[in-house]
Amino acid sequence: MTGRLGIGMLSVFGLPPVELVELAADLGCPHISVASQGMPLVPLGYPRFSLTGDAALRNDLRAAMDGRGVTISLGDGFLVLPGSEMHSYTCDLDALAELGVPRVNVVSLDPDLGRTFDQFAALTELAAQRGIATVVEPVPGLTVTDVPTALAAREHVGRPDFQLLIDNMHLVRSGAGAADVAAIDPGHIGYAQLNDTTLRPLPQHAGKYMEEAMFERLVPGEGELPLRDILSALPREIVMEIEVPRRALALSGVGPLDRMRPCVEAARRLLSEIPSSASD
């Protein structure tokens with residue numbers, strides 16, 4: 001199985017990782033993202049899991065990935081919190097390294113920007129010791145809220161294995177667009193997340209950005225984001241993770257396969273329209 005597409009863990013609200021591998025393979029997607037510590041974000045009956053603490057689960061996950069031709073493209077859920085130190089993630093990084101995870105994603109909830117940048121540097125070093133790169137995701141409302149701040153973090157860290165993650169919703173809602181992505185050195189972008197939404201929050205989402213981002217996004221092409229332009233500006237070789245959480249559908253009984261299939265089909269159509277991009 002070849003291709004760039006992945007299924008993001010946020011899209012499936014705590015679906016256990018072996019089941020996520022099976023889902024991705026059934027949809028023809030060769031990548032998934034995982035959290036080392038998984039918990040249900042929506043009450044769908046999924047158990048909590050720990051890739052860090054459960055060696056048997058790691059073994060089962062490796063076997064499932066080998067059997068279905070799926071890899072983990074991103075370890076998610078790394079947070080900078082006030083007073084926390086990145087060394088607390090040592091065991092999580094060890095577990096992800098054992099699973100062959102190539103990169104981890106970090107965001108910050110610490111309002112101290114200088115301390116945030118220092119903690120990014122500490123995590124990048126710890127990850128690099130295990131052969132893992134680091135990406136930072138600019139998110140409106142968090143400490144690293146936009147692309148310029150993420151680029152400042154990259155300059156502070158000063159390492160080629162610290163790159164940016166570009167998420168379509170966060171990019172546009174922060175006031176940026178395709179031109180801003182095109183202006184970034186392609187080597188500074190390590191990962192992307194594909195989704196759609198409205199240009200401005202709908203009334204039911206007003207003042208609730210993180211709730212909207214975590215629980216209700218749109219199938220690519222069904223919203224208002226300039227996805228073709230953004231995709232055209234992104235490096236061709238990076239993984240395109242589909243991150244489209246749809247809580248209302250999940251709670252109405254629509255399973256992950258039926259929720260994600262239209263997203264994958266839409267993503268393939270979009271990529272097929274980008275000159276010289278891989279369409280699978």
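Me: What volume does the largest cavity have?

Reply: First, the ground rules. This is a predicted model, with local features needing pLDDT of at least 70, side-chain atom pairs pLDDT 80 or more, and totals for chains, interfaces and linings using all residues. Numbering runs from 1 along each chain as its sequence is written, and side-chain values use heavy atoms, without hydrogens and water. A cavity is a set of points, on a 1 Å grid over the protein atoms alone, where a 1.4 Å probe fits but cannot get out. Points join across faces, edges and corners; volume is the space filled by probe spheres set on them. Here the largest cavity has about 60 Å³. The count is 1 cavity of 30 Å³ or more.

Me: Which residues line the largest cavity?

Reply: Lining residues have an atom within 4 Å of a point. Among them here are Pro-138, Asp-146, Asp-167, His-170 and Ser-174. The lining divides into 5 nonpolar, 3 polar and 2 charged residues. Asp, Glu, Lys and Arg count as charged; Ala, Val, Leu, Ile, Met, Phe, Trp, Tyr, Cys and Pro as nonpolar; the others, Gly among them, as polar.

Me: Which element supplies the largest share of the lining of the largest cavity?

Reply: Elements are DSSP runs numbered from the N terminus: helices (H or I, at least four residues) and strands (E, at least two). S8 gives the largest share, 3 residues. Strand S8 (162-167) and helix H6 (168-173) each supply at least two.

Me: How much of the chain counts as buried?

Reply: Buried means under 20% relative accessible area (1.4 Å probe, protein chains only). Of the 280 residues, 54% qualify.

Technical notes:
1 Å grid on protein atoms, 1.4 Å probe; cavity = no way out; pocket = protein on both sides within 12 Å on 5 of 7 lines; lining within 4 Å. Buried < 20%, exposed > 50% of the residue type's maximum accessible area, 1.4 Å probe, protein only.
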